Amino acid sequence: MTDSQANYPHSSPLSLSVLMETMNLWDNLVEEALVKLENLKLLRSLRPIHLPNDQQSKPIENEALSSSISDHEEAGKDVFQVYDEMQQWDRSAVEVQIAEETFQRWVSDIPSTGDEAVCRDKITGNEAESCPQQFKKLLLFSGNDYLGLSSHPTIGKAAAKAALELGMGPRGSALICGYTNYHRLLESCLADLKMKEDCLLCPTGFAANMALMVALGNIGALLTAGRTPLEEERIAIFSDSLNHASIIDGIRLAERQKSVELFIYRHCDMSHLNALLLKCKTKRKVVVTDGLFSMDGDFAPMIELVKLRRKHQFLLVVDDAHGTFVCGKNGGGVAEEFNCEGDVDICIGTLSKAAGCHGGFIACSKRWKKLIQSRGRSFIFSTAMPVPIAAAAHAAVIVAKKETWRRREIWKRVQDFQALTGIPITSPIISLIVGSEEKALQSSRHLLRSGFHVTAIRPPTVPPNSCRLRVTLTAVHTMDDLKKLTTALSQCIDFQDISIQNSSGYARL
């Protein structure tokens with residue numbers, strides 16, 4: 001078996017040749033762009049500053065998890081501890097509290113800037129030394145901390161250790177002085193997770209999408225040297241109609257370079273996408289999609305996308321913000337779940353959701369990394385993530401991969417919710433469409449009074465008359481939590497109506 005066949009085990013020799021032709025097309029385009037940048041003296045390099053890092057020793061592989069396992073050892077003490085079941089501290093990821101004043105403003109729908117969180121002297125208006133506020137405890141069902149890792153002590157200790165020993169690290173953009181061996185270690189770890197050659201860290205997932213889209217627009221602009229590109233020289237970007245705002249905004253910026261043409265296909269409609277691809281004259285095609293859609297909770301049709309990729313030879317870009325660490329045996333995301341990692345050319349991800357940390361990344365080839373770090377403005381002109389965050393995220397990648405029980409539990413909760421409500425959900429993101437804005441707000445306030453933090457999602461986040469409650473499940477919610485939630489939900493919405501709406505595709509406006 002050749003290296004190419006190993007990467008694409010289910011491909012025929014004919015489809016393999018088509019895939020290789022696609023890869024060669026884009027490799028050549030990116031290489032041409034890099035040569036142009038080098039000639040213009042615009043090619044940028046990452047020069048890591050080396051900081052003391054005792055965690056860089058090779059992990060000790062040990063798949064048999066006990067109640068506490070160490071992957072790395074430093075001076076005889078555990079550095080990365082992982083656990084094989086939920087611990088008491090896990091619950092702090094979903095058990096929160098808000099000030100009584102905040103609660104009252106929320107249930108009364110009084111606008112707030114958050115200033116009630118600070119106690120002030122009623123006479124002087126200055127911040128008070130003591131704060132005798134009362135608080136309301138809530139169970140969080142609206143966050144993106146899918147695995148409950150934000151409260152994991154191993155991740156917290158990694159951040160604290162780096163902060164105590166190194167402070168925040170060099171403060172500057174990655175291209176100036178903000179890139180360190182801690183950042184490089186995290187990039188390598190993420191590249192391995194996504195089965196890609198390399199990875200580029202970005203300040204946020206939003207910035208990652210913006211950087212990639214702008215870099216795509218730069219390819220056409222660089223290769224046409226300032227003149228108006230011919231139709232066959234333009235880059236055609238095909239975007240799902242419900243893609244994340246960061247993709248949309250990135251494409252808008254790319255369009256301003258006048259070398260990009262945008263095609264929007266109906267949500268997850270592969271027939272429509274195929275028709276648009278057939279009409280497109282240029283060979284420089286890119287299809288970009290969310291892997292797991294953040295508002296509707298449905299998956300991109302990855303198998304169908306792969307078939308179309310082999311037919312039309314486009315570059316496939318997947319924003320896997322909500323699937324990374326949640327889907328796949330190893331937490332590799334949606335592509336691993338659907339066994340098509342080799343068919344996804346570029347994967348965007350975030351560290352602020354299931355990793356419980358902060359930051360974004362682009363997993364790609366080394367060529368693409370060089371291009372994005374040289375032309376992706378949201379990467380170039382942003383300060384790099386602080387070293388303690390990079391250290392915490394590195395620990396989170398290891399913990400998320402090792403603590404497989406978290407993925408098992410979150411998917412059990414998906415099954416539990418479906419059994420309790422009869423609503424045919426397919427992921428931990430549950431979109432309960434109620435229609436009007438007022439009904440969504442009333443339902444959210446009812447849940448708040450019942451002790452649940454579930455916010456109403458309204459325009460412009462979703463289209464008019466598709467307002468909803470967005471419920472998210474985590475690995476550290478319990479069956480008892482779900483029973484209480486669904487009881488409260490049943491008092492403000494009709495599960496049967498929701499089930500019918502989901503089945504008819506009402507959410508896919």
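In helix H16, the buried residues are Ala440, Leu441, Ser443, Ser444, Arg445, His446, Leu447 and Leu448. The model described here is a predicted one. Helix H16 covers residues 437–449, and its 13 residues should span 18 Å at 1.5 Å a residue. The C-alpha atoms at its ends lie 19 Å apart, which agrees with that expectation. After H16 comes Gly451, which has a positive phi, near 100°.

A pair of helices was examined next. Helix H7 is formed by residues 205–223 and helix H8 by residues 245–255; their axes come within 8 Å and cross at roughly 30°. Because angles under 35 degrees count as roughly parallel, H7 is roughly parallel to H8. The crossing of the two helices is right-handed. On the H7 side, the residues that meet H8 are Phe206, Asn209, Met210, Met213, Val214 and Gly217. On the H8 side, the contact is made by Ala245, Ser246, Ile247, Asp249, Gly250, Ile251, Leu253 and Ala254. Sorted by class, the residues in the contact of H7 with H8 are nine nonpolar, four polar and one charged.

A single residue was also considered. Asp416 belongs to helix H15, which runs over residues 404–421. The relative accessible area of Asp416 is 17%, so Asp416 is buried, the cut-off for this class being under 20%. When neighbours within four places in sequence are left aside, Asp416 is in contact with Met479 and Leu482.

Key
Residues are numbered from 1 along each chain as its sequence is written. This is a predicted model: local features need pLDDT of at least 70, side-chain atom pairs count only at pLDDT 80 or more; totals for chains, interfaces and linings use all residues. Side-chain values use heavy atoms; hydrogens and water are left out. Axes are lines fitted to C-alpha atoms, for helices over the stretch in contact, and angles run from 0 to 180 degrees between N-to-C directions. Helices (H or I, at least four residues) and strands (E, at least two) are DSSP runs, numbered from the N terminus. Angles under 35 degrees count as roughly parallel, over 145 as roughly antiparallel, 65 to 115 as roughly perpendicular and the rest as oblique. A crossing is left-handed if the near helix is turned anticlockwise from the far one by less than a right angle, and right-handed if clockwise. Contact means heavy atoms within 4.5 Å. Ala, Val, Leu, Ile, Met, Phe, Trp, Tyr, Cys and Pro count as nonpolar, Asp, Glu, Lys and Arg as charged, and the others, Gly among them, as polar. The expected span of a helix is 1.5 Å times one less than its number of residues. Buried means under 20% relative accessible area, exposed over 50%, partly exposed in between (1.4 Å probe, protein chains only).
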